[in-house]
Amino acid sequence: MNRLQKSTVYALLIFFAAIYSMPLLVMLSGSLKSPTEIQVAPNRLIPETWHWENYATAIQSMPFWQYLSNTLTLCLGTVIGTVISCSMAAYAFAKLKWWGRDKLFAVLIGTMLLPWHVTMIPRFLLLREVGLYNTLGALILPTFLGDAFSIFLLRQFFRTIPEDISEAARIDGLSEWGIYWRVIMPMSVPALVTVGLFQFVAAWNDFSGPLLFLSNKDRFPLAYGLEQFVSSYADQTHLLLAAATLFTLPVVVLFFFAQKTFLKGIATTGLKD
């Protein structure tokens with residue numbers, strides 16, 4: 001690729017990146033404006049006066065820190081559950097040979113076609129019977145039972161790891177658990193981070209799950225708090241944008257620091273059938 005072609009590619013990438021980042025810039029800009037400036041110049045990206053107090057007002061207008069604590073607990077618990085359970089299942093599908101493995105994997109992939117609403121009522125009844133209703137455990141525990149998409153993603157990555165490495169470990173006396181934990185897992189950090197990020201974002205943005213399984217408002221996450229904030233301050237756009245920025249910023253920062261590992265995990269997944 002010559003210099004002109006590279007320049008053209010970079011120009012196109014910058015152009016589309018600017019388009020996709022524009023809503024974030026408008027949100028950030030509006031969160032720092034006064035109510036009057038938003039009405040007069042809504043499209044101006046740089047505020048005349050920076051109103052940082054909008055964020056303090058948004059935080060004080062709801063139990064922000066309680067919602068944030070609940071959200072982080074939920075995200076951390078679901079990420080741990082997803083990574084552990086899905087990596088174990090993916091190892092069994094990718095590295096172990098047993099009767100019916102491929103057929104069962106096809107059934108697992110087929111469950112991805114089922115919408116969440118199909119299993120919503122049975123899941124609610126089951127978790128209520130075991131005493132987990134109105135607890136964060138109702139949202140965390142199911143992730144320890146695996147997720148079809150994450151299992152598929154990790155299985156595809158595990159299959160790119162040469163079988164010779166596992167065979168050498170078996171010759172050295174490692175059990176299957178030892179191979180999984182001491183060989184495969186350290187070599188799969190990009191894929192594990194990718195799965196963890198997907199689950200973190202899903203838990204961070206989840207609104208219907210907490211609304212279904214939680215009734216105590218002290219246990220609700222930020223997604224619920226943001227919805228309540230929108231209902232209460234619908235006519236104060238500057239505060240709505242400040243609250244939306246507070247809700248969005250942690251995910252953006254997380255992806256910014258983990259993007260290299262995340263992209264590596266995506267790029268190397270699915271290279272082997």
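This is a predicted model: local features need pLDDT of at least 70, side-chain atom pairs count only at pLDDT 80 or more; totals for chains, interfaces and linings use all residues.
Good morning. About 30 Å³ of space lies in the largest cavity of this structure. A cavity is a set of points, on a 1 Å grid over the protein atoms alone, where a 1.4 Å probe fits but cannot get out. Grid points are joined across faces, edges and corners, and a volume is the space filled by probe spheres set on the points. Rolling a probe the size of a water molecule over the atoms shows where empty space is left.

Residues are numbered from 1 along each chain as its sequence is written, and side-chain values use heavy atoms, with hydrogens and water left out.

Which residues line the largest cavity? They are Met62, Phe64, Leu222, Leu226, Ala243, Leu246 and Phe247; a lining residue has an atom within 4 Å of a point. This lining divides into 7 nonpolar residues, no polar and no charged. Here Ala, Val, Leu, Ile, Met, Phe, Trp, Tyr, Cys and Pro count as nonpolar, Asp, Glu, Lys and Arg as charged, and the others, Gly among them, as polar. Helix H13 (222-232) and helix H14 (237-267) each supply at least two residues of the lining, and H14 has the largest share, with 3 residues. Helices are DSSP runs of H or I with at least four residues, strands are runs of E with at least two, and both are numbered from the N terminus.

Helix H13 also holds alanine 223. This alanine 223 is buried, with a relative accessible area of 10%; buried means under 20%, exposed over 50%, and partly exposed in between, with a 1.4 Å probe and protein chains only.

I turn now to the largest pocket, whose volume is about 1100 Å³. A pocket is an open set of points with protein on both sides within 12 Å along at least five of seven lines. Of its 33 lining residues, the closest to the centre are Trp116, Arg123, Thr143, Gly146 and Asp147. Helix H6 (116-129) is among the elements that give two or more residues to this lining, and H6 gives the most, with 5 residues. The pocket lining divides into 20 nonpolar, 10 polar and 3 charged residues.

Next, the aromatic rings. Rings of Phe, Tyr and Trp (its six-membered ring) pair if their centres lie within 6.5 Å; planes under 30 degrees apart count as stacked, over 60 as edge-to-face and the rest as tilted. By this rule there are 20 aromatic pairs. One of them joins phenylalanine 105 and phenylalanine 152, stacked at 6.4 Å centre to centre with 25 degrees between the planes. Phenylalanine 105 lies in helix H5 (residues 101-110) and phenylalanine 152 in helix H8 (residues 148-158), so this pair ties together parts that are 47 residues apart in sequence. Phenylalanine 105 is buried at 10% relative accessibility, whereas phenylalanine 152 is partly exposed at 30%.

What lies over the face of phenylalanine 105? Arginine 155 does, at 4.0 Å from the ring centre. A charge sits over a ring if NZ of Lys or CZ of Arg is within 6 Å of the ring centre and within 35 degrees of the ring normal. Elsewhere, ring pairs link Tyr67, Phe207, Phe220 and Tyr224 into a cluster. Thank you.
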